[in-house]
Amino acid sequence: MSGDRVVIVTGGTRGVGRAVVTLFARKGWRVFFSARHAEAVQALQMQLRDEGRIVEGYACDLTRKSDIEKWVRWLQEKTDRIDVLVNNAGTFIPGKIQTEDDATFEYLMALNAAAPYYLTKRLLPMMTARKSGLIVNISSTAGLQPYPNGASYCISKYALTGFSKVLREELKPTGVRVSTLYPGPVYTDSWEGTPYEPHRFILPDTLARIIHHLTELPADAVVEDLVVRPQAGDFSESEMNS
Ligand SMILES: NC(=O)c1ccc[n+]([C@@H]2O[C@H](COP(=O)([O-])OP(=O)(O)OC[C@H]3O[C@@H](n4cnc5c(N)ncnc54)[C@H](OP(=O)(O)O)[C@@H]3O)[C@@H](O)[C@H]2O)c1
């Protein structure tokens, strides 16, 4: 059991975030998570509390800085320790720079890049004070290699990759570790209606297990970058465009 170890997870109600919340809760961690839809937050909290787990959900929209600030104040009242922060919330909207709306760019930058920046810098003092902790930023292979029709998503994930790498440099003397995860396709709601077979994807539970493994490593080393692909490989460009 993990005693009173604390993990904070954004986007905790579905997909990768839900798998992380569930796994850490079942491993005995105290889990704080957020998502926009209050009913889904309540439902997951209730489901895990019925199992005897320690989970505290919070409904907020991470594209609003004021919501992030409210959640941070709420968290500061609930705990004075953070062992792990998983910046997971993010979304994909297809598009090309030449044709997509500015609003697509602005939304994806707000959720995928700005929110982790605002949240992390506000929660960091709790981690640096204890000279320990792990921040996991969930980028994407789209944050390493751009692809057609993923314009603002790729741009936002490159921004998140940049944030994560700068943070790692800044935090080297502090004892707080930073890991950037670059998953290929993960079988979540984002792929609803996909023609691809489930075996072409990574499962959310597998990513959750990988993140949990990162927390079990001793403090002398950090996994800076972790690329995770489906065993069958990524979709080819022709598959993506078909
Ligand atoms: N799925 C993939 O193939 C894949 C591949 C590589 C990387 N990733 C990355 O992995 C992360 C998780 O992806 P996923 O596929 O698991 O996503 P998902 O299934 O769509 O779940 C997204 C989660 O984030 C929450 N969320 C969405 N917008 C939000 C907002 N504005 N404010 C607060 N919470 C919000 C959602 O709840 P509400 O809707 O209630 O807010 C939900 O809990 C993302 O960063 C994604 O870019 C995914």
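A quick term before the points: a residue is buried if 20 or more other C-beta atoms lie within 10 Å of its own, exposed if 12 or fewer, and partly exposed in between, with C-beta atoms placed from the backbone.

1. Ground rules. This is a predicted model, where local features need pLDDT of at least 70, side-chain atom pairs count only at pLDDT 80 or more, and totals for chains, interfaces and linings use all residues. Residues are numbered from 1 along each chain as its sequence is written.

2. An exposed spot. P218 has 5 C-beta neighbours inside 10 Å, so it counts as exposed. You'll find P218 in the loop between α6 (204–216) and β7 (225–228); helices (H or I, at least four residues) and strands (E, at least two) are DSSP runs, numbered from the N terminus. From P218 to F201 is 17 residues in sequence and 30 Å in space, C-alpha to C-alpha.

3. The sheet. Seven strands form an open sheet in the order β3-β2-β1-β4-β5-β6-β7, with parallel pairing (two strands pair if DSSP finds at least two bridges between them). At the edges sit β3 (54–59) and β7, each pairing on one side only. From one strand to the next, the twist averages 15°.

4. Strand β1. All five of the five residues in β1 (residues 6–10) are buried, so this strand is largely enclosed by the rest of the structure. Both of its faces are covered, with V6, I8 and T10 on one side and V7 and V9 on the other.

5. Partners of β1. Strand β2 (residues 30–35) runs parallel to β1 and is joined to it by five bridges; T10 has S34 as its bridge partner there. With β4 (residues 84–87), β1 pairs in the parallel sense over three bridges, and V7 stands opposite V84.

6. The other end. Strands β6 (residues 177–183) and β7 run parallel, joined by four bridges, with Y182 opposite V227. Helix α5 (residues 151–171) packs on the sheet, touching β5 (134–138) and β6, and its direction makes about 160° with that of β6. Contact here means C-beta atoms, placed from the backbone, within 7 Å; axes are lines fitted to C-alpha atoms, for helices over the stretch in contact, and angles run from 0 to 180 degrees between N-to-C directions.

7. The ligand. Which residues are closest to the ligand? Among the 27 that surround it, they are G11, G15, A35, R36 and G90; the cut-off is a C-beta atom, placed from the backbone, within 6 Å. Helix α1 (residues 15–26) gives the most to this shell, with three residues.

Methods:
Contact = placed C-beta atoms within 7 Å.
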